[in-house]
Amino acid sequence: MSFVDNTCIIDDDPICVFGLKRTLKEADFSKNIIAYTNGLEAINGFKTLLNQGEKLPSIVFLDINMPIMDGWDFLEDFVKIPNVNRDYVHIYILSSSVDSRDIIKAKEISAVSNYFIKPVTKLDLHKVIAELSTQ
Amino acid sequence: MFIFIKKKQILKLISPLHSLSAFPFAIAIIDLNFHIKDYSEIWIEEFPFPKNGTEISLKNLNILSEKLIKCINDVASNHVISYKKIEIKSKNNNWYSWNIAKAIDEEGNISGIILSAENITYQKREIQLLNNAVQVAQIGSWELDLLSNKLYWSSITKYIHDLTDDFIPSLEQGINFYKPGKHREKIAKLVNNAITSGKPWDTELIIITAKNVEKWVRAKGEVEFVNGKCIRVFGTFQDINKQKLKDLKYNEVTNRLKIATKTARIGIWEYNYENKHLFWSNEMFSLYNIDKQKFNGHSSFWNQSLHPDDKEFCSKKIEECLAKKEDFEIEFRIIVPNGKIRHIKSVACVELDSSENNIVKLVGANWDISELIHSKLQLSKTEESLQQAFENSSVGMALISLEGNWINVNSSLCNSVGYSKEEMIQTKITNITHPDDLSKDTEFLKQMHLGEISNYTVNKRFYHKNGSIITANLTVTTVKKVSGHLSHFIAQLIDISPMIAAENKTKSLLEITKNQNNSLLNFAHIVSHNLRSHATNLLMLTNFIKDETDPNEKAHLEVMLQNASESLNETVHHLNDVVHISTNAEENLRSVNLFNSVKRVKKNISAILEENNAKCVINIPKNLKIKAVPAYLDSILLNLFTNSVKYKSEKRDLVIELNFKIKNDDVILYFLDNGQGIDLERHQNKIFGMYKTFHQHKDAKGIGLFITKNQIEAMNGSITVESIVDKETLFILTFKKAEQIKN
């Protein structure tokens, strides 16, 4: 049985999305996986889900550098979506950047649960599972 | 001697004798017509008649004066006055004392006039002489009779005391006229001494006269002894005030002169031409450092001290002047016995005899001018070195009058401003001062005039002759006159333009360095992110391929690997573009015609513009030139044009408008389109970042504006953006204006 029902990937890099999806499947992490190519698409998708009365994905893997709306802007807009139980949604930042400034910035945002440097490995996913299980 | 005869006596005499001839004095009777009726023998002696005719009229005699006629008429016509006495000087310069009386007949009528005359010429002259003598000498006499204790003063004595003739002095009064204090004490002592010991005195003292005037008098006194007892003291009294005051004055002046010459160390000498004797005052000896005892009064004495080098010209000069009998001034050196050299100035006057032909003597003064000479030498040395320092200083220096005119300028200053010395002196400092800096030191100048400060330093800009601006560090110092008032200013100008240029260069280098540093940091970030993301993907994909068993899935992975490699390659190309921009832009800057560049770029993309039905409005003058790297400018314009096309609004046809503005050294280009606009509130910070796209367009790569910004900054320009979403986007580009000279 999968660890969670719905997981969302927001990343403009198709290879990265492909890789993460494959890893998630191998780890049997999630029943369903939704992917958006940028922040705006994700916000709009979330709004549609809510309008249809569906639950938001409980895990979100968010890339930082994206066209149109990047990860930071997504976070800004995300907290503005009305009636969202943010505690329910765990957002993990994904970045290929090893720049400490990005890591520090990410950790300062309360909505962000953790920060992963790409590529996300099975080991990383086990960490997430362990973390969420203890809560 | 005057003989007074009463009227009645005369009448008695006349009656019995019927003749006046026997009267022992000059007497005559005249009728009312002035005819002489009778006369004495003495009369005829005194006033001889002319020997013609019997009728002798008084009018024929030269003794009759107007004054006498008046007196006779007065007596004859006046009933009250019957007698008159008068002294008249006759025409022959004799003095007569006249007695005039009426002659009455038996009936009591006036029958004539009786005249008697006494020749008093001798007495008159005596008195006159005495008066004159007394007047001249102002010598009065006095006498004290110790037996009767009476004091007698002559009228001159009284006169000296400012007293009238009728004043009768007492002994006490006499003493009290002397000025209280030492004068009065002295006379009292002298008189006492004389009375007791018989010692005469002769002294000069001050009296205070009846009119309260101080006067110097010479009082002489002697005593007369009879039987060892003093019976009389007498003497003379002389007004010596004028003389005494003169003497005192003279003494004072002489004394003053003596002190002056002594303290001023002025030696006085006198050379008697006749007996060849030389006189030296004491100061001369100290001046020449010679023992007075050794002085022989010989004219050669002076010569011995004279410096050998000065001997010839001195004697020559003196001879010349003596030949012309002229006063002279001469400066020479002497060697004093201790071997030291003194500079002496000598002034000499020639005194001639009454014929003015022969020199009687020479009188002169000598004084030591060594200090003056040394000061002069010192001064000229200082002046010379100052002049040298002024002229050769690497600092621009000038003397400036209170009115701001150049008095003198040195060559450094001339070099700094490009004018010649002559040109400079014709002009004022204000004429070459930058107008904005004219009032920069007004407050300082005011304080200088008030004496509150004596110098100040400011930075001022001046114009070089060629029109360029020189920034100078100006230090102004005041120079005062002896009176303490301001005389002029000394200005020192250090041209700090090169320093400022260097400083600006350093500043701009620093700015460039900072920017480059920022770019590098940014670049490092980009590299770390973008290259790493590709590397990550490649690593991930190869791992998948390695583990994959399904051939279909493996093929799929291989395609993805291919794509990832291409992306990496593309990114590397982009990064290379960016790196290339910043390295050597500065030296490739050239003057580029903006209008032509815009036209060319527009032409290159004319197909796309036409396809999109775009309209371009280009409001740029054809001759506007900017400093640019042509390839960058083309790239920037191309990027802006294609962006406008890419992000045009679907709701309307694209209109692109280019405007410009010139501001100082900058050319500002406004690139406006009516496209989709950018949400600046959200994207302000990222718009010119790498791999940022804000539109969902298939061609959006997020590299264009990043490169544009880098290119324009490499050309010392800048780019900013203003936008209203769904209305317009305005890019504002700033370039450096190309200088007119270069082309």
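Author: Two strands pair if DSSP finds at least two bridges between them. The model discussed here is predicted.

Reader: What makes β11(B) and β12(B) a pair of strands, and in which sense do they run?

Author: Strand β11 (residues 267–272) of chain B and strand β12 (residues 277–280) of chain B share four bridges, in the antiparallel sense.

Reader: What do β11(B) and β12(B) form, and what is the phi of K276(B)?

Author: The two strands form a hairpin, with four residues between β11(B) and β12(B). K276(B) lies in the turn and has a positive phi of about 60°.

Reader: How do you know that the length of helix α2 of chain A agrees with its number of residues?

Author: The expected span is 1.5 Å times one less than the number of residues. For the 13 residues of α2(A), residues 39–51, this gives 18 Å, and the end C-alpha atoms are 18 Å apart; the two values therefore agree. After the helix comes G53(A), with a positive phi near 80°.

Reader: Which residues of α2(A) are called buried?

Author: A residue is buried if 20 or more other C-beta atoms lie within 10 Å of its own. In α2(A), G39(A), L40(A), A42(A), I43(A) and F46(A) are buried. These residues cover an arc of only 165° around the axis, so they lie on the same side of α2(A). Their cover includes β1 (4–10), β2 (30–36) and α3 (71–78) of chain A. T48(A) and N51(A), on the other side of α2(A), are exposed.

Reader: What is the order of elements in chain A, from the N terminus on?

Author: Chain A has five helices and five strands, and its elements run β-α-β-α-β-α-β-α-β-α. Of its 135 residues, 39% count as buried. Among contacts in chain A between residues at least 6 apart in sequence, 70% join residues at least 24 apart.

Reader: What makes a residue of chain B part of the side that touches chain A, and how many residues are in contact?

Author: Two residues are in contact if their C-beta atoms lie within 7 Å. In this way, 22 residues of chain B are in contact with 16 residues of chain A. Helices α16 (497–547) and α17 (551–583) of chain B each supply at least two residues of that side of chain B. α16(B) gives the most, with eleven residues. By class, the side of chain B that touches chain A has nine nonpolar, eleven polar and two charged residues.

Key
Residues are numbered from 1 along each chain as its sequence is written. Chains are lettered from A and ligands numbered from 1 in the order in which they are written. This is a predicted model: local features need pLDDT of at least 70, side-chain atom pairs count only at pLDDT 80 or more; totals for chains, interfaces and linings use all residues. Ala, Val, Leu, Ile, Met, Phe, Trp, Tyr, Cys and Pro count as nonpolar, Asp, Glu, Lys and Arg as charged, and the others, Gly among them, as polar. A residue is buried if 20 or more other C-beta atoms lie within 10 Å of its own, exposed if 12 or fewer, and partly exposed in between; C-beta atoms are placed from the backbone. The arc is that of the directions from the helix axis to the C-beta atoms.
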